[in-house]
Amino acid sequence: MQTVVERELEMQLVLSPERSIPVPARLVYRTEDPYAVHITFHVGSDAPVNWTFARELIVEGVFRPCGHGDVRIWPTKVNGRSVICVALSSPDGDALLEAASSPVAAWLERTLRVVPPGTEHEQLGLDDGLSRLLAPTAGDELRLGDPWSGQDDTPDAGA
């Protein structure tokens, strides 16, 4: 059974140290994709902007700076408020976004209750899939002979 944990929130797109604009965003976690989190930004265009990255990155990022390259996350204070900063980098440009810490932490806690850290692999069903893949099927007994035994079941052409 798939579980989805969502949270709508308003983030601030930082344009300069003195100016930012609100950006509606949706945080999404799906048990069918247990290692990832998804953020959708509604930036006033026809199509929303979607980012996907490791849940582990945001788990660590609410406590200390982490990430390199395309996604970096860190906690800080802005005007006395605790916020989570998310820096995104792509070929189309860079963005710095801020979100209040408490709604992000509450959403993250819900994802951790649904799929505790270290149990993500259990959501993928790999063991069940491998069992089905490797299970004998009708007709397998005809092919289960030892190919290295040196015995050949075909009649000898010279006999």
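Author: S89 stands opposite D94 in β7. The model is a predicted one, in which local features need pLDDT of at least 70 and side-chain atom pairs count only at pLDDT 80 or more, while totals for chains, interfaces and linings use all residues. Residues are numbered from 1 along each chain as its sequence is written, and side-chain values use heavy atoms, with hydrogens and water left out.

Strands here are DSSP runs of E with at least two residues, helices are runs of H or I with at least four, and both are numbered from the N terminus. Two strands count as paired if DSSP finds at least two bridges between them.

Helix α2 (residues 101-114) packs on the sheet and touches β1 (4-16), β2 (19-30), β3 (36-41), β6 and β7. A contact here means heavy atoms within 4.5 Å. The direction of α2 makes about 150 degrees with that of β1; axes are lines fitted to C-alpha atoms, for helices over the stretch in contact, and angles run from 0 to 180 degrees between N-to-C directions.

The sheet itself is open and antiparallel, with 7 strands in the order β4-β3-β2-β1-β7-β6-β5. Its edges are β4 (49-54) and β5 (71-78), each of which has a single partner strand, so one side of each lacks a neighbour in the sheet. From one strand to the next the twist averages 30 degrees.

Elsewhere in the sheet, β1 and β2 pair antiparallel over 12 bridges, and a hairpin of 2 residues joins β1 to β2. Within this pairing R7 faces L27 of β2. Between β2 and β3 there are 4 bridges, again in the antiparallel sense, and the hairpin these strands form has 5 residues between them. A25 has F41 of β3 as its bridge partner.

The loop between β5 and β6 holds N79. This residue has a positive phi of about 50 degrees although it is not a glycine. N79 is exposed, at a relative accessible area of 78%; exposed means over 50%, buried under 20%, and partly exposed in between, with a 1.4 Å probe and protein chains only.

The largest pocket holds about 210 Å³ of space, and its lining comprises 13 residues, with V49, W51, L88, D94 and A95 nearest its centre. The elements giving two or more residues to that lining are β4, β6 and β7, and β7 gives the most, with 4 residues.

There is also 1 cavity of 30 Å³ or more, and the largest cavity has a volume of about 50 Å³. M11, L27, I39, I58, I84, V86, A99 and V104 line the largest cavity, and L27 is also the residue opposite R7. On a 1 Å grid over the protein atoms alone, a cavity is a set of points where a 1.4 Å probe fits but cannot get out, and a pocket is an open set with protein on both sides within 12 Å along at least five of seven lines; lining residues have an atom within 4 Å of a point. Grid points are joined across faces, edges and corners, and a volume is the space filled by probe spheres set on the points.
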